[in-house]
Amino acid sequence: MKQPFGMCAGAAAFILLASAAASAQTVTVRATLSGAEETPAIVLTGAVGTVEASIDTANREIAVTLQVFNIPDAGPTTAGHFHVGPKGVGGPVVLDFPSSIAGRTGDFTMRFRLSAANFRARPELGINTIDDMIQAMVAGNAYANVHSARNPGGEIRGQLTADSQ
């Protein structure tokens, strides 16, 4: 009787360890976006937003949920990106959001995936691969930015922070 119980307990432990290892491959980063985060100058806008990025480090993919509110009709969105850079400092684009972000007004939610196909290397900053950008995102050295016709440099921005583990 003891041997089947021991085998079941061992199998259960293996399953728990395997699932813990699998979940450790996903890191979630989030940001709240506003005009107050834009740089070099604050943008006075009623637009706000949130972004959540679940990073699959093993497959080098990022599942993104972007929610944006109050984009004015007079200044529809033109683009969105993840940039590398610390809070308060402008940095270059490294990951492009889908082009379907352009032309939006009011409130909207987008869900999309990013991978190496959306990546722009920035070797001058040590961002040579998507792995480098993932590391920057998890370390808080990256931000999300949504651009508009009214504010081409950025309507709303938010610095990424990793969820506590």
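Phe82 is buried, with a relative accessible area of 0%; buried here means under 20% relative accessible area, exposed means over 50%, and partly exposed lies in between, using a 1.4 Å probe and protein chains only. Phe97 is buried too, at a relative accessible area of 6%, and Phe112 is likewise buried.

A word on the model: it is predicted, so local features need pLDDT of at least 70 and side-chain atom pairs count only at pLDDT 80 or more, while totals for chains, interfaces and linings use all residues. Residues are numbered from 1 along each chain as its sequence is written, and side-chain values use heavy atoms, with hydrogens and water left out.

**The aromatic cluster**

The structure holds 2 aromatic pairs. Rings of Phe, Tyr and Trp (its six-membered ring) pair if their centres lie within 6.5 Å; planes under 30 degrees apart count as stacked, over 60 as edge-to-face and the rest as tilted.

| Pair | Centre to centre | Angle between planes | Geometry |
|---|---|---|---|
| Phe82 and Phe97 | 5.0 Å | 80° | edge-to-face |
| Phe97 and Phe112 | 5.1 Å | 50° | tilted |

Phe82 lies in strand β4 (residues 77–84) and Phe97 in the loop between β5 (93–96) and β6, so their pair ties together parts that are 15 residues apart in sequence. Together, Phe82, Phe97 and Phe112 form one aromatic cluster.

**Two arginines to look at**

Arg122 sits in the loop between β6 (106–114) and α2 (130–138). Arg122 is buried yet has no salt bridge, and Glu124, the nearest side chain of opposite charge, is 4.6 Å away. For a salt bridge, a side-chain nitrogen of Lys or Arg must be within 4 Å of a carboxyl oxygen of Asp or Glu. Lys and Arg count as positive and Asp and Glu as negative, with His and the chain ends not counted. Leaving aside neighbours within four places in sequence, Arg122 is in contact (heavy atoms within 4.5 Å) with Pro92, Val93, Val94 and Ile127.

Arg157 lies over the face of Tyr143, 3.4 Å from the ring centre. A charge sits over a ring if NZ of Lys or CZ of Arg is within 6 Å of the ring centre and within 35 degrees of the ring normal.

**The chain as a whole**

The protein chain has 2 helices and 9 strands, taken from DSSP runs (helices H or I, at least four residues; strands E, at least two) and numbered from the N terminus. Of its 165 residues, 38% count as buried.
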